[in-house]
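Please read the following briefing alongside the sequence and the coordinates.

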Amino acid sequence: MDGEGTLRLHIPGARFRPGDRPDFSYLRLPPAGAAPRPPVDAPAIATRDLAFGLVRTLDDDGVAVGEWNPGLGADELVRGLRTMALVRAFDERMFRAQRQGKTPFYMKCTGEEAVATAQTYALRPDDMCFATYRQQAILVARGTPLDEMMGQIYANALDPTKGRQLPVMYTAKSRGYFSQSGNLATQFPQAVGWAMASAYRRDTRIASGWIGDGASAEGDFHQALVFASVHRAPVVLNLVNNQWAISSAQSVAGGEESTFASRAIGYGIPGVRVDGNDYLAVFAASRWAAERARSNHGPTLIEHFTYRAAPHSTSDDPARYRAGDEWERWPLGDPIARLKLHLVRAGAWDDGRHSAMLRAVEADVAEADARAQALGVHGDGPHHDPLTMFDDVYKDMPWNLREQRDELAALPGRAT
Amino acid sequence: MTAPIRELGFAEAIREALAIAMAEDERVFVMGEDVGVYGGAFQVTGDLVQRFGEDRVVDTPISELGGAGVAVGAALTGLKPVFELQFSDFSTLAMEQIVNQAAKLRYMLGGSVSVPLVVRMPTGSGLGGAAQHSQSLEAWFAHVPGLKVVEPTTPYDAKGLLLAAIDDPDPVIFFEHKLLYKTKGPVPEGRYVVPLDRAETRRAGRDLTIVAAGVMAQKALDAATILASEGIEAEVIDPRVLRPLDMATVARSVTRTSRLLIVYEGAKSFGIGAEIAAAIAEGEAFGHLDAPILRLGGAETPIPYSPALERAAVPQVEDIVAAARRLARGEA
Ligand SMILES: Cc1ncc(C[n+]2csc(CCOP(=O)(O)OP(=O)(O)O)c2C)c(N)n1
Ligand SMILES: [Mg+2]
């Protein structure tokens with residue numbers, strides 16, 4: 001038979017490594033406005049092409065075109081722009097805080113701000129979000145005080161996890177924000193379970209679940225899709241394909257053979273692949289999926305096609321594994337610059353207002369940081385009495401924990 | 001002629017063992033998340049991908065269960081996978097393939113197959129990893145018939161035990177304490193093995209026996225130095241291999257010292273300490289005890305993040321000193 005012989009193992013890899021000149025011309029990027037927008041009650045099979053294309057609304061001149069243009073007013077768009085800028089300023093500040101030794105760890109979402117910001121504004125404020133560590137924009141968009149978020153990072157008295165969780169593992173029940181897990185992907189089936197429960201309780205709230213391209217290799221991703229499909233769970237399932245999982249290119253997670261959005265098709269779920277750096281497109285796809293979920297047409301998988309501009313975390317050094325200027329050459333640009341251009345083109349924004357806005361968000365972040373740092377940073381504590389570590393293991397403390405706590409309390413010179 | 005000896009870091013010693021095994025035997029390969037160009041979450045695999053290529057140092061998709069299953073499948077063909085998990089906490093995801101498959105296949109299939117698999121995993125707290133990046137799950141694996149469980153303390157042992165683990169025809173779980181990666185010690189060049197069934201007496205002493213593995217063995221040695229200045233001579237036994245456990249060495253020591261303290265980082269109850277204490281209580285050495293056996297284990301809580309809390313959650317040198325003092329002075 002043709003091609004038969006000894007077998008060869010395929011090893012996927014990154015297209016570009018340090019020293020290479022990245023060239024993204026191999027990406028098939030359909031023009032803005034090309035994708036049709038099916039009605040929200042369309043059967044999954046009728047949405048098939050959306051999983052292989054790319055929903056885009058902003059053309060190269062910043063003009064919104066096509067059926068997916070959500071038709072948002074200038075005020076709404078400026079709000080989105082400001083939130084994205086605030087998230088970026090927050091990230092910059094906390095990244096520096098790590099370099100200054102005020103926290104051992106931080107993770108930025110630079111380049112991906114549109115994804116979580118636009119979706120949050122497309123949801124209702126009481127819809128429930130099960131995010132990863134890269135959707136801090138959800139919390140910012142929902143108005144979480146920045147000093148509270150910083151307090152979590154500094155593990156000081158503002159930290160709602162009482163010094164128990166890693167920096168950036170926020171939790172905010174009152175803002176419809178669950179938390180993050182150290183073990184990847186676990187939030188994805190949890191989002192589906194929350195959504196199923198919401199349906200079971202005849203509630204009106206839906207859930208939004210998040211995962212990365214890399215983590216979508218975990219079983220949790222696939223199991224979540226099975227349950228979501230079987231029970232038509234009212235959930236928006238988001239996969240953020242930012243091209244990288246630490247040092248592993250998205251091809252290592254299976255992005256070479258097909259799109260991540262197309263995973264949905266086998267489960268009978270619509271898969272929508274969207275330009276993740278196009279604020280309007282993300283908003284429109286999210287709104288479509290949310291309406292679908294809320295009207296009992298079940299789940300949607302959205303693949304947000306974007307780029308992780310920053311290192312994976314403060315512990316990472318991408319110079320070891322990717323070309324330094326990939327982000328500059330990324331053909332889908334910067335979500336903040338693209339939304340700004342759109343607003344300027346529409347006559348609703350200009351450079352002066354933009355610079356003033358950037359100064360204002362930086363000032364907001366600096367003021368919040370001053371308030372947070374007044375309560376201490378990591379390392380100059382303890383901000384939490386070690387005896388409190390025995391609390392909350394159970395609702396009621398059993399004898400063996402009481403015994404260990406009392407032993408600790410009795411130690412001479414115990415630090416408090 | 002004996003091989004020249006150099007000072008080597010714990011992580012380098014592991015890398016050297018991997019390189020020796022891969023150079024000698026084409027069947028050996030390394031797999032795991034970010035083990036290739038990145039060099040591994042803790043920089044253990046380092047430059048192995050440059051030396052052996054991407055098909056022998058394989059970056060896997062992020063699926064611990066998938067990786068473990070693939071490793072079992074490859075091992076069934078006679079290949080010798082060394083599968084790295086980024087943190088031992090993620091082994092919970094791989095449990096089915098390790099516990100229900102790798103550990104039992106030889107037995108269930110009437111001895112007709114081998115699963116020569118090594119799973120390496122960083123263990124323990126001390127780096128601010130919090131509840132899901134700091135656990136000590138050694139006892140879980142040590143409870144499973146069919147698995148061998150190794151936890152080295154020195155760079156010398158890390159290299160020799162890993163080579164023995166790769167040689168071994170059965171699945172071996174290889175725990176590496178994160179706080180040891182940067183420690184250094186003498187390591188001979190070239191191949192040597194440390195057998196997978198023998199404890200090491202790291203310090204001789206007459207007044208009490210301390211059994212501790214991994215970073216806890218280091219802490220026990222530091223404690224022994226302090227105790228010696230007070231006239232208490234502790235014998236420190238490092239099991240090195242938790243399953244099968246070399247109880248004969250522990251029992252011989254206890255017969256001489258008549259006092260036993262067991263130190264480990266995992267939660268105190270149902271842990272390594274319970275096994276060692278029970279084995280002594282069941283045996284001849286029990287009659288030689290002059291005091292109750294003491295266990296010093298981790299708090300019965302998840303590991304908290306904040307440094308002061310994290311420190312209080314696991315035994316520290318001063319805790320070992322205090323417990324040994326009580327034991328030696330008959331106050332226990
Ligand atoms: C179960 C599990 N395996 C591995 C890790 C280590 N880890 C943390 S983040 C990460 C990469 C995830 O990449 P991706 O899902 O693409 O998300 P991104 O960081 O790009 O947002 C890995 C491997 C983990 N935390 N949990
Ligand atoms: Mg990613």
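Predicted model: local features only at pLDDT ≥ 70, side-chain atom pairs only at ≥ 80, totals over all residues.

**Helix packing in chain B**

Helices α1(B) and α7(B) are roughly parallel to each other, because the angle between them, about 30°, falls under 35 degrees.

- Helix α1 (residues 10-24) of chain B packs on helix α7 (residues 155-167) of chain B with the two axes 8 Å apart, and the crossing of α1(B) and α7(B) is right-handed.
- On the α1(B) side the contact is made by B:Phe10, B:Ala13, B:Ile14, B:Glu16, B:Ala17, B:Ile20 and B:Ala21, while α7(B) contributes B:Pro155, B:Ala158, B:Lys159, B:Leu162, B:Leu163 and B:Ile166.
- By class, the residues of this contact between α1(B) and α7(B) divide into 11 nonpolar, no polar and two charged.

*The pair α8(B) and α12(B)*

- Helix α8 (residues 215-229) of chain B and helix α12 (residues 317-328) of chain B also pack with their axes 8 Å apart, at an angle of about 55°, and the two helices are therefore oblique to each other.
- The crossing of α8(B) and α12(B) is right-handed, and in it B:Lys219, B:Ala220, B:Asp222, B:Ala223, B:Ile226 and B:Leu227 of α8(B) meet B:Val317, B:Ile320, B:Val321 and B:Ala324 of α12(B).
- The residues of the contact of α8(B) with α12(B) comprise eight nonpolar, no polar and two charged.

**Sheets**

*Chain B*

- Seven strands of chain B form an open sheet of mixed pairing, in the order β3-β2-β4-β5-β7-β6-β12.
- At the edges of this sheet stand β3 (57-59) and β12 (241-243) of chain B, each of which has a single partner strand, so one side of each is left without a neighbour in the sheet.

*Chain A*

- Chain A holds an open sheet of five strands in the order β1-β2-β3-β7-β6, with parallel pairing, and its edge strands, β1 (128-130) and β6 (271-275) of chain A, each pair on one side only.
- Strand β6(A) pairs with strand β7 (residues 300-305) of chain A in the parallel sense over five bridges, and A:Arg273 stands opposite A:Glu303 in β7(A).
- Helix α5 (residues 187-200) of chain A lies across β1, β2 (207-212) and β3 (235-241) of chain A, and runs at about 170° to β2(A).

**Contact between the chains**

- The contact takes 42 residues from chain A and 32 residues from chain B, and on the side of chain A that touches chain B the largest share, four residues, comes from helix α11 (residues 399-410) of chain A.
- That side of chain A divides into 21 nonpolar, 17 polar and four charged residues.

**Ligand site**

- Ligand 1 is surrounded by residues from chains A and B, so the site is shared between chains.
- Of the 22 residues around ligand 1, those that come nearest are A:Leu184, A:Gly212, A:Gly214, A:Ala215 and A:Ala245.
- The shell around ligand 1 is made up of nine nonpolar, eight polar and five charged residues.

Conventions: Residues numbered from 1 in each chain as written. Chains lettered and ligands numbered in written order. Near = placed C-beta within 6 Å. Nonpolar A, V, L, I, M, F, W, Y, C, P; charged D, E, K, R; others polar. Pairing = 2+ DSSP bridges. Contact = placed C-beta atoms within 7 Å. Axes fitted to C-alpha atoms, helices over the stretch in contact; angles between N-to-C directions. Parallel < 35°, antiparallel > 145°, perpendicular 65-115°, else oblique. Left-handed = near helix turned anticlockwise from the far one by under 90°.
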